[in-house]
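Subject: Structure handover

Hello,

Here is the structure I promised to pass on. Please open it first, then read my notes below.

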Amino acid sequence: MVFLHNLQGRALTIAITVTCGTGFLLFGYDQGVFGGLLSNNAFLGTFGKPNNTIQGQIVSTYDIGCILGAISSIFLGDKLGRRRSILSGCCLVIIGGTIQSASYHLPQMIIGRIVAGLGTGMNTTAIPMWQSETSQAKQRGKLIIIQLVLVLGGIVITNWMNFGFTYAPDSQVSWRFPLAFQDFFAILTIIFISFLPESPRWLVMKGRRDEARVIIARLLAKPQDDQQVIDDLSVICDSVARAEEHGNFGWREVFRNGKKQTLRRILLGAGPSFMQQMGGTNVVAYYLPVVLVRSFGFTNRLALILSACDSISLMFWGSMATFLIERVGRKNLMLMGAFTQSICFCMAGMGLSFNTNRGSILAVTFIFLYYVVYGLSFLSIPFMYPSEINSQHMRNTGSSVAMVVNWLFVYVVVLITPDGIANLGWKFYMMFGIINFCFLPIIWYFFVETAGLSLEEIDRLFEIKYDNPGMSYKEATKLAQAEFAALMHAQDSERDMEKVGGYTAAVEDVTSEGSK
């Protein structure tokens, strides 16, 4: 692994993406592992055949840990940095996974779930920031989508693993091994990240510019004195310096909502997380095997097979988003996602309301179609948008708030789903269809497009909009891009003038020597 210390350019970017992806694969594995265990006889027997409410509590205590982990990132994230935050999160996941796999009583299991959740909450905050801050603008969206596709890879692994253990239904290994296996991905992430660099933007914010220059040079695969390295470092330093001119970066700045429009940007960053969860994703992600058994009447084994196939389908459509995220943009994909997800849940609810085999087929079809549109839209944007839309000094706070919102509403949805399915039946799915439709005007009127913009350009467009209230965000975006293009042109012209000046001086020296 020592060779990772010397990676540069594309190879370094790939190594960072693979490491982030491994961390998110761990996140996906944790998210999906309990869906199959809730129908495992050995697991249920160990914990006294818990009812629907207790099952919801066992699953959702993990989300309480995630909420606490995201909250801790608000206060610790900028102190630890991106790498050490991820390392700390993985260590907590290992401790929590070990406790869960060794559990014999509910309190022990719940403690293990909370500890593992603490680590996942920290990871889901830090990993997207680390990826965003080490990526070029034109690659940023695609690279984060790759991470989220690997989240699905974790869910696929859990589905097939749970299916495999249905052939040993009475063995304790059938549920202890899946819970212990999460430690493997955490250990792998720790090994990879130990050899990779810190975010140069975080280093600049901490006044460590020489270290930032070294890392920027490695990311660009250029010498440290190369002009592009100097220019990129200068742009980051200027952005941080402009932010520092506006003073304090505590909670007072969040609610003051001055020139940086901090409050608006934090709310915008948290919005997609709220929409992802209240849009119904975890009704499917956490509970699809349970949904297929209890709502559709399938056998446990068939439900696990269909869940695994559905997750593979989601991986495919999630990966297709890499071709759309920069071309179509974040905002348009969210509009498309909210509209089509609304249709899918309404049609699933309608199919179940018929209470016939044909109705069930209709419902299952639209549950599978939901994953198509979700993979193209809300799968990745909630993890991408907060790390883009917030300023450098408030990026950790904004991303942490977004993850608090994410895990808070994961907890709500996971907690209510077993009772919602049991008591409301088809109306439970119709409810999510209506909620998705209500997101459309919010996305249309309030969200700002970030596709193709550098983090510094995004920062600048909000300043321009603040200074020009009558200007639209599209106009502010164009002006911000024009400013940075002019700055790069001016720096290029200055370098050309220096070269011409040097050439002229050399000619004059030669001429004077000749006259002598």
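Start with a pair of charged side chains. Arg460 and Glu463 meet in a salt bridge, at 2.9 Å from N to O. By salt bridge I mean a side-chain nitrogen of Lys or Arg within 4 Å of a carboxyl oxygen of Asp or Glu.

A word on the source. This is a predicted model, where local features need pLDDT of at least 70, side-chain atom pairs count only at pLDDT 80 or more, and totals for chains, interfaces and linings use all residues. Residues are numbered from 1 along each chain as its sequence is written, and side-chain values use heavy atoms, with hydrogens and water left out.

Back to the pair. Arg460 and Glu463 are three residues apart in helix H21 (residues 455-467), so about one helical turn separates them. Helices here are DSSP runs (H or I, at least four residues), numbered from the N terminus. Arg460 counts as buried, at 16% relative accessibility. Glu463 is also buried, at 1%. The cut-offs: buried is under 20% relative accessible area, exposed is over 50%, and partly exposed lies in between (1.4 Å probe, protein chains only).

Arg460 has another partner. Its side chain meets that of Glu483 in a salt bridge of 2.7 Å, N to O. Glu483 sits in helix H22 (residues 473-515) and Arg460 in H21, so this pair ties together parts 23 residues apart in sequence. Glu483 is partly exposed, at 32% relative accessibility.

These residues belong to a network. Salt bridges link Lys260, Arg265, Asp459, Arg460, Glu463 and Glu483. The whole structure holds 13 salt bridges. One of them joins Arg208 and Glu211, with the closest N and O atoms 2.9 Å apart. Arg208 is partly exposed at 33%, and Glu211 is partly exposed at 39%.

Next, a helix pair. The axes of H12 (residues 262-278) and H18 (residues 381-389) come within 8 Å and cross at roughly 175°. Axes are lines fitted to C-alpha atoms, for helices over the stretch in contact, with angles from 0 to 180 degrees between N-to-C directions. That makes H12 roughly antiparallel to H18 (over 145 degrees).

Which residues in H12 meet H18? They are Arg265, Leu268, Gly269, Pro272, Ser273 and Gln276. On the H18 side are Ile381, Pro382, Phe383, Tyr385, Pro386 and Ile389. Contact means heavy atoms within 4.5 Å.

Best wishes

Terms used. Helix = DSSP H or I, 4+ residues; strand = E, 2+ residues; numbered from the N terminus. Parallel < 35°, antiparallel > 145°, perpendicular 65-115°, else oblique.
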